[in-house]
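Have the model open as you read.

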Amino acid sequence: MTGLATEDMLIRNASDVETFARRCFLGSPGDRVGIELEFLVFDRVDPARQVPLARISDALPPLSGGSLVTFEPGGQLELSGPPGSLPGAIALLSADVTAVRLALRDAGLALGGVGLDPLRPARRQLRLPRYEMMARFLGTPYGALMMCSTASIQVNLDLGDRPEVRWERAHLLGPVLVAAFANSPLSEGRPCGWMSGRQAVWERLDRTRTAAVPAGGDPGAAWADYLLDARLMATRDTTGNGNGDGAESYRPVLDGSTFRDRLARPEPPTLADLSYHATTLFPPVRPRGWLEIRYLDAQHPARWPVCAAVTHALVTDDRAADAALAAAGPCAGMWSRAARHGLADPRLRKAAEACFRAALAALPRLGATSALVCEVAAFADRHVTRGRTPAADLLDLVRGPGGRLPDWLAEEGRI
């Protein structure tokens, strides 16, 4: 629909919404992967100090891999690599991550490969109109934590020849992958009670926009219903912001009304309104002409390729997916349990072992380098086989003698 109509086209009924939703599943039939990495950034001398965004920006080098650099509201650094084959995408983004790590190290900074800030309270640095509106709508403490203190890996995958198959796989595998890569057990220097505290933050936000979309059946119809039943976050005002510059502004919608309610009003919304509404919804898997897999905690700056490679292999390789889903099926829907317990849960651990075996068998078929296969195998040996999710390493830093967490954060970005 977005390719066939102007943005001022009126959306008059649920059928128009479904047309839009179905177009979100029209995309490339290939097997490309795109990877977006978020990192918290720490001062190596004083990790508890907030690092001004300008200090980070000034330290960044030119990036030969073509990654797009953006910032999240709390100053989290995001690197979005160009999509491509698995080995190509990882190679380009790896080069850029290495360049950033070295440059930040020289500036006295370190990349923090962790899903939730383990030391600092949430403080927002960006004051863009969209973020002002989101902060008011989402509230505190969890809205502020999500915007300013979380970091993730987002894996973007082509829809393939059968979009509904990859859509279902990405959901069914979700709890197992959340458990295997849980890496955010701390907040303000103390255990938060979850192996993935980042996922726990998301679960405490407005569930009409953060719960999983039902994965069985017709994905277009399910996404349409999700769009309709999610609460409106804001209305857009493009007539000006009072400064005479015509800048777009936003007004939060705080009465609990949904997009379905909006359709019942005398003045129907436009295609632009619906498109914007879709950008304010954050389910674990979101369709945008490709699949956005959004449920993975940030990882150590040297180990994020494992997360991207395993996710890509299990969703796109049919043989790997069949083996993985046979093991992960009993864990379907266990999002909260995976986030709280990680691989300490016996069912999730057993399923993760099978999933990693399937991924390791598939990666050579997908062109992965022998070095990457070895990295995945090493991660499996260290974490999956032992039932020891990466979060356990962070917990050791605060439970052991000497309070080693600040030292770890100061060194995290070193090569």
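Is Cys331 buried or exposed? Cys331 is buried, at a relative accessible area of 1%, where buried means under 20%, exposed over 50% and partly exposed in between, with a 1.4 Å probe and protein chains only.

## Ground rules

This is a predicted model, so to speak of local features takes a pLDDT of at least 70, side-chain atom pairs count only at pLDDT 80 or more, and totals for chains, interfaces and linings use all residues. Residues are numbered from 1 along each chain as its sequence is written, and side-chain values use heavy atoms, with hydrogens and water left out.

## Cysteines

Take a disulfide to be a pair of cysteine sulfur atoms within 2.5 Å, and the count comes to zero. Cys331 is in no disulfide, its nearest cysteine sulfur being that of Cys355 at 8.3 Å. From the Cys355 side, the closest cysteine sulfur is the one in Cys331, and 8.3 Å is too far for a bond. Cys355 counts as buried too, with 1% relative accessibility.

## Nonpolar cores

A nonpolar core here is a set of buried Ala, Val, Leu, Ile, Met, Phe, Trp, Tyr and Cys residues joined through side-chain atoms within 4.5 Å. The largest has 117 residues, and Ile35, Phe181, Leu314 and Phe356 touch the most other members. Helix H13 (residues 304-316) puts in the largest share of this core, nine residues; helices (H or I, at least four residues) and strands (E, at least two) are DSSP runs, numbered from the N terminus.

A second, separate core has 14 residues, including Val114, Ala151, Leu186 and Leu409. Back at Ile35, contacts (heavy atoms within 4.5 Å) that skip residues up to four places away in sequence include Leu79, Ile90, Leu93, Ile153, Trp304 and Ala308.

## The largest pocket

On a 1 Å grid over the protein atoms alone, a pocket is an open set of points with protein on both sides within 12 Å along at least five of seven lines, a cavity is a set where a 1.4 Å probe fits but cannot get out, and lining residues have an atom within 4 Å of a point. Points are joined across faces, edges and corners, and a volume is the space filled by probe spheres set on them.

The largest pocket comes to about 1100 Å³. Of its 46 lining residues, Thr279, Phe282, Arg286, Glu292 and Arg294 lie nearest the centre. Helix H8 (residues 197-203) gives the most to this lining, four residues. By class, the lining has 21 nonpolar, 12 polar and 13 charged residues, with Ala, Val, Leu, Ile, Met, Phe, Trp, Tyr, Cys and Pro as nonpolar, Asp, Glu, Lys and Arg as charged, and the others, Gly among them, as polar.

How many cavities of 30 Å³ or more does the structure hold? There are two. The largest, at about 140 Å³, has 16 lining residues, with Gln50, Gly74, Asp117, Arg120 and Cys148 nearest its centre. Strand E1 (33-43) and helix H5 (142-149) each supply at least two residues of that lining.

The second largest cavity holds about 60 Å³. Its lining includes Met233, Arg236, Phe259, Asp273 and His277, and splits into five nonpolar, two polar and three charged residues.

## Asp206

Asp206 sits in the loop between H8 and helix H9 (207-210). At 13% relative accessibility, Asp206 is buried. Beyond its neighbours within four places in sequence, Asp206 contacts Phe137 and Arg231.
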